[in-house]
Amino acid sequence: MQKLYETQDKPRKAFLISIISNIADATVCDELEGLCSTLGLEIAAHEKIRVRERSSKYGIGSGKAESLSLKATELKADLIVCDWNPAPSQQRNWEELSGVPVLDRQELIIKIFADRANTREAELQVKLAELTYLLPRLTHKYIDLSRQRGGRYGTRGAGETKLETDRRKIEKRITLLEKEIEQIGKQRQMQRRQRERGNIPVCAIVGYTNSGKSSLLNALTGANVPAEDKLFATLDAVTRRFEPAQGVTVLLTDTVGFIRNLPHSLIKAFRSTLEEAALSNVLIHILDASSPDVESAYETTISVLKELGAHEIPTFTLLNKIDLLQAGSGSESGTAGSHQLTLEELQNVFPGSIAVCVKTGLGLDAVREKIVSMI
């Protein structure tokens, strides 16, 4: 079955829409372009709009929605991607107005996860998130068939009957998926208990997506985990034995990356995988030092760790990709108003952090020493 964003000869063109209220929002919403590129979409244009009024029909003003829909038509866009999560009815209204499919940020991230799922556990988790996302949107799928016929008896149309049948099927499938994921979670718990009996401490690598987590695991342990310059290149928790010093053994775990506004359905689905971080002895929080949004990425990771109950675990911070930092004072980078910090400024923002370049190995000896001291 052909995916929504694929064609036989070329990538599908996406018209992106973001709502901004300040310069910081403009920087943050640039991430939408990275998500679309990761999914293989061609970006026709990216409109960053300010909203004075919000209608219940579209989530923004009706006139603005009409003008944006017209522009999407002029650009011959195959679909519209919005950087917020409209209600299911608003999403349907946008599709009726524009005549093309409309994806929100949540669906976009779920589709990327679906593309990246390579193991049975990841596939189950992504499928659970997909069905959880779809369930409240079923009503609008059958809206045209759900007309009441009138009269006292037999007032339910064919669409309503089909809706009820599909809803029950999806709810049953969700229940089965949750049970299977729970069973895998129990297997993880058994593995953890075996590790605990061996008294081997666990260090988990956490951080924003594409900050270098898998590359760090490979560099320290010699593992061969796929490490691409893409968002969510790795979805599964991967654990390897590691000897940071003579006579010292730890288990080093790579975890799924975080992102702003990570759909709650994905956090719920991947909870068993993310618990690898919550049950670790030490967390290694790795940051992309070259990103102008490094502080925001840090706060996003901390927020997810709090939701998992892992925010009080002893943690140290790595500033990765320092080879990409420009010398001298902070420089403008990316979106107008975004500011790339110098290494000195970053170390002031993140006291006690270790500057590294995982790609070249710079600073990894200090990482080994830090792990030993914290263990």
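Tyr58 is buried in this predicted model, with a relative accessibility of 5%; buried here means under 20% relative accessible area, exposed over 50%, and partly exposed in between, computed with a 1.4 Å probe on protein chains only. Trp94 is likewise buried, at a relative accessible area of 3%. The model is predicted, so that local features need a pLDDT of at least 70 and side-chain atom pairs count only at pLDDT 80 or more, while totals for chains, interfaces and linings use all residues. Residues are numbered from 1 along each chain as its sequence is written, and side-chain values use heavy atoms, with hydrogens and water left out.

The structure contains 2 aromatic pairs. A pair of aromatic rings is described by the distance of the centres and the angle of the planes. Rings of Phe, Tyr and Trp (for Trp, the six-membered ring) pair if their centres lie within 6.5 Å; planes under 30 degrees apart count as stacked, over 60 as edge-to-face and the rest as tilted. The ring centres of Tyr58 and Trp94 are 5.8 Å apart and the planes stand at 75 degrees, so this pair is edge-to-face. Because Tyr58 belongs to the loop between strand 2 and helix 3 (62–74) and Trp94 to helix 4, the pair ties together parts that are 36 residues apart in sequence. Helices (H or I, at least four residues) and strands (E, at least two) are DSSP runs, numbered from the N terminus.

For Tyr298 and Phe350, the centres are 5.0 Å apart and the planes form an angle of 55 degrees, so the pair is tilted. Tyr298 is partly exposed at 22% relative accessibility, whereas Phe350 is buried at 6%.

Helix 4 (residues 88–98), which carries Trp94, lies across strand 1, strand 3 and strand 4, and runs at about 145 degrees to strand 4. Angles run from 0 to 180 degrees between N-to-C directions, and axes are lines fitted to C-alpha atoms, for helices over the stretch in contact; contact means heavy atoms within 4.5 Å. An open sheet of 4 strands has the order 2-1-3-4, with parallel pairing. Its edge strands, each pairing on one side only, are strand 2 (42–49) and strand 4 (102–104). Two strands pair if DSSP finds at least two bridges between them. Strand 1 (residues 13–19) and strand 3 (residues 79–82) run parallel and are joined by 4 bridges, and Ile17 stands opposite Cys82 in strand 3.

A further open sheet comprises 6 strands in the order 6-7-5-8-9-12, with mixed pairing. Strand 6 (238–245) and strand 12 (354–355) form its edges, each pairing on one side only. Strand 6 runs antiparallel to strand 7 (residues 248–254), with 6 bridges between them; Phe242 has Val250 in strand 7 as its bridge partner. Helix 12 (residues 294–308) packs on the sheet and touches strand 5 (202–207), strand 8 (282–288) and strand 9 (315–320), its direction making about 150 degrees with that of strand 8.

The axes of helix 9 (residues 213–221) and helix 14 (residues 364–374) come within 11 Å and cross at roughly 85 degrees. Helix 9 is therefore roughly perpendicular to helix 14 (angles under 35 degrees count as roughly parallel, over 145 as roughly antiparallel, 65 to 115 as roughly perpendicular and the rest as oblique). Leu216, Ala219 and Leu220 in helix 9 meet Leu364, Val367 and Arg368 in helix 14.
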